[in-house]
Amino acid sequence: MREKQGRQWIVAGAAAVGLLVGLFVVASCQRQTKIRPVEKATTTAVSSEQAMADKEQIAKKEQAAREELAAKREQAAKDARMAWWRDARFGMFIHWGLYAVPAGMYKGKRVDGIGEWIMNNGKIPVADYEKYAQQFNPIGFNADEWVRRAKSAGMKYIVITSKHHDGFCLWDSKVTQWDVMDATPFKRDILKELSAACRQHGVKLCFYHSIMDWHNPDAQAPFYPNYNDTSKSNPEFDRYVETYLKPQIAELLTNYGPIGVMWFDGEWIKDWTEPKGKDMYAYVRGLQPKIIINNRVGKGRKGMEGLSESGEYAGDFGTPEQQIPPTGLPGVDWETCMTMNDTWGYKSYDENWKSSETLIRNLADIASKGGNFLLNVGPSPEGLFPRAIEQRLEDMGKWMAVNGQSIYGTTASPIGRPEWGRCTAKGDRLYLHVFNWPADGKLDVPLAGAKPAKAYLLADRKRASLPVAAEQDKVTISVPANAPDAIDSVIVLVTNKK
Ligand code: FHN
């Protein structure tokens with residue numbers, strides 16, 4: 001009985017608890033129903049904010065991808081434009097103009113400094129300097145011979161001074177009489193003849209053009225006759241740029257066929273600015289879209305070191321002058337220009353010639369660092385290359401005829417500067433330029449983990465294999481007792497690496 005009563009109490013209690021829980025649930029459901037609209041609004045706001053952020057993120061990513069693609073396309077277009085120049089590695093610089101007439105002498109005295117600066121260094125007044133034009137009659141000039149000499153030296157392009165700082169023009173310019181046609185008895189368009197010869201021999205013609213101009217009054221006023229006062233500005237400089245410099249560039253890039261490089265200089269003057277450089281760069285590319293332009297078109301060059309400052313400067317390649325960078329410069333196009341003696345323009349008494357050995361080794365050194373070598377000649381007032389120049393060109397040509405493939409189309413050394421010489425690379429080949437032939441007949445190449453397939457001397461027409469032994473950190477090539485070339489013997493090492 002008691003048990004039955006107890007069970008009844010339990011059932012009643014459970015029912016009461018169930019009722020209470022039910023009431024609580026209903027009440028809380030009602031409460032929830034009341035707050036739902038507010039919460040829904042907040043959730044909607046959060047999710048639309050999220051959607052916006054997602055959208056922005058996607059837009060940013062898309063923009064970055066577009067920019068990356070554009071940069072890649074730009075790089076690919078530049079690579080295509082630079083291809084011949086990177087392949088060429090070796091060119092001829094020609095400084096020729098009226099300064100060849102005084103040839104380093106003024107009023108019976110030697111004038112110090114480089115020959116093409118004689119107007120400035122000798123403080124020669126414009127009117128006096130103009131008289132040299134009457135004496136400029138280089139009847140020995142033979143464009144065909146110049147180009148043949150460059151080509152047989154192994155040079156693939158020629159950069160000639162269309163106009164140097166003295167303002168004198170080697171072509172028939174329609175905007176001035178200060179040119180070879182109007183001011184001299186010679187009356188032959190030197191650039192026309194050169195462009196025909198270059199076309200015939202497959203050598204690229206390129207123009208050096210000075211922005212600084214000591215002859216045009218708009219470019220050197222108001223301190224005439226001090227035409228090279230770089231501390232002051234020329235009020236009419238813009239007129240010089242728009243009505244003289246640019247029209248001349250248009251003549252050069254319209255009347256002489258495709259031009260390989262427009263090589264500017266004299267950009268350091270106060271009046272020339274980076275925006276002017278960028279404008280000129282665009283102007284030149286507008287006239288010949290495939291042309292290459294050096295970094296002296298703008299203000300980016302670091303003095304004679306010649307490479308460009310980091311930043312947005314105009315120009316396709318750096319221009320070290322009379323020096324070779326100590327190491328390779330990955331991703332940078334550069335070209336060392338250098339004289340054979342101590343002057344660019346002809347000086348009758350400068351006999352301080354670099355040896356053929358130095359010039360050949362310079363070429364190998366430059367190629368081993370991924371650069372080009374633009375080697376200067378200064379023809380005489382008769383239009384001839386001095387014999388010392390011819391000799392050096394011939395020596396280089398002989399060496400290039402055997403070893404050219406170790407220069408053309410190569411890239412920088414992957415093994416730095418080995419103690420015995422230099423190294424250039426192309427595909428699976430290393431070209432070992434041995435300046436110091438090993439006395440013990442063993443050439444150590446610091447190549448870790450290499451599996452060389454073959455080694456042979458470029459000078460050996462039969463390409464006979466040289467014994468090669470690979471160790472963990474080096475490859476040792478057994479070489480003949482005597483160097484085939486006392487200046488630079490090239491060994492090809494086929495590395496099995498593509
Ligand atoms: O002033 C000229 C010089 O005469 C010569 O033309 C060299 C060649 O690079 N560039 C200038 C100096 O940088």
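Trainee: How do the residues of the shell around the ligand divide into nonpolar, polar and charged?

Mentor: In this predicted model, the shell holds 9 nonpolar, 3 polar and 5 charged residues. The ligand is surrounded by 17 residues, and the closest are His95, Glu116, His165, Asp265 and Glu321.

Trainee: Why is Arg89 called buried?

Mentor: Arg89 has a relative accessible area of 6%. Buried means under 20%, so Arg89 is classed as buried. Arg89 belongs to the loop between α1 (2-88) and β1 (90-94).

Trainee: Which other residue has a positive phi although it is not a glycine, and is it buried, partly exposed or exposed?

Mentor: Gln322 has a positive phi of about 60°. Its place is in the loop between β7 (292-293) and β8 (335-338). Gln322 has 36% relative accessibility, a value between the limits of 20% and 50%, and therefore counts as partly exposed.

Trainee: Why does Asn372 count as buried, and which side chains does Asn372 contact?

Mentor: Asn372 lies in strand β9 (residues 372-377). Its relative accessibility is 0%, which is under 20%, so Asn372 counts as buried. A polar contact of 2.6 Å joins its side chain to that of Arg89. Another polar contact, of 3.2 Å, joins the side chains of Asn372 and Tyr157.

Trainee: Why is Tyr208 called buried?

Mentor: Tyr208, in strand β5 (residues 204-210), has 0% relative accessibility; buried means under 20%, so the term applies. Between the C-alpha atoms of Tyr208 and Phe93 there are 8.6 Å in space, while the two residues are 115 apart in sequence.

Trainee: How do you know that the span of α8 is close to the expected one, and where does its kink lie?

Mentor: Helix α8 (residues 237-254) has 18 residues and reaches 24 Å from its first C-alpha to its last, against 26 Å expected at 1.5 Å a residue. A kink of about 30° lies at Leu245, shortly before the proline Pro247. Buried residues of α8 include Tyr244, Leu245, Gln248 and Ile249.

Trainee: What makes α10 mostly covered?

Mentor: Of the 13 residues in α10, 11 are buried. Among them are Leu359, Arg361, Asn362, Asp365 and Ser368. Helix α10 (residues 356-368) reaches 18 Å from its first C-alpha to its last, close to the 18 Å expected at 1.5 Å a residue.

How values were computed:
Residues numbered from 1 in each chain as written. Predicted model: local features only at pLDDT ≥ 70, side-chain atom pairs only at ≥ 80, totals over all residues. Heavy atoms only, no water. Near = heavy atom within 4 Å. Nonpolar A, V, L, I, M, F, W, Y, C, P; charged D, E, K, R; others polar. Helix = DSSP H or I, 4+ residues; strand = E, 2+ residues; numbered from the N terminus. Expected span 1.5 Å × (residues − 1). Bend = angle between axes of the 7 residues up to and from the residue. Buried < 20%, exposed > 50% of the residue type's maximum accessible area, 1.4 Å probe, protein only. Polar contact = N/O pair within 3.5 Å; in protein donor to acceptor, adjacent residues only side chain to side chain.
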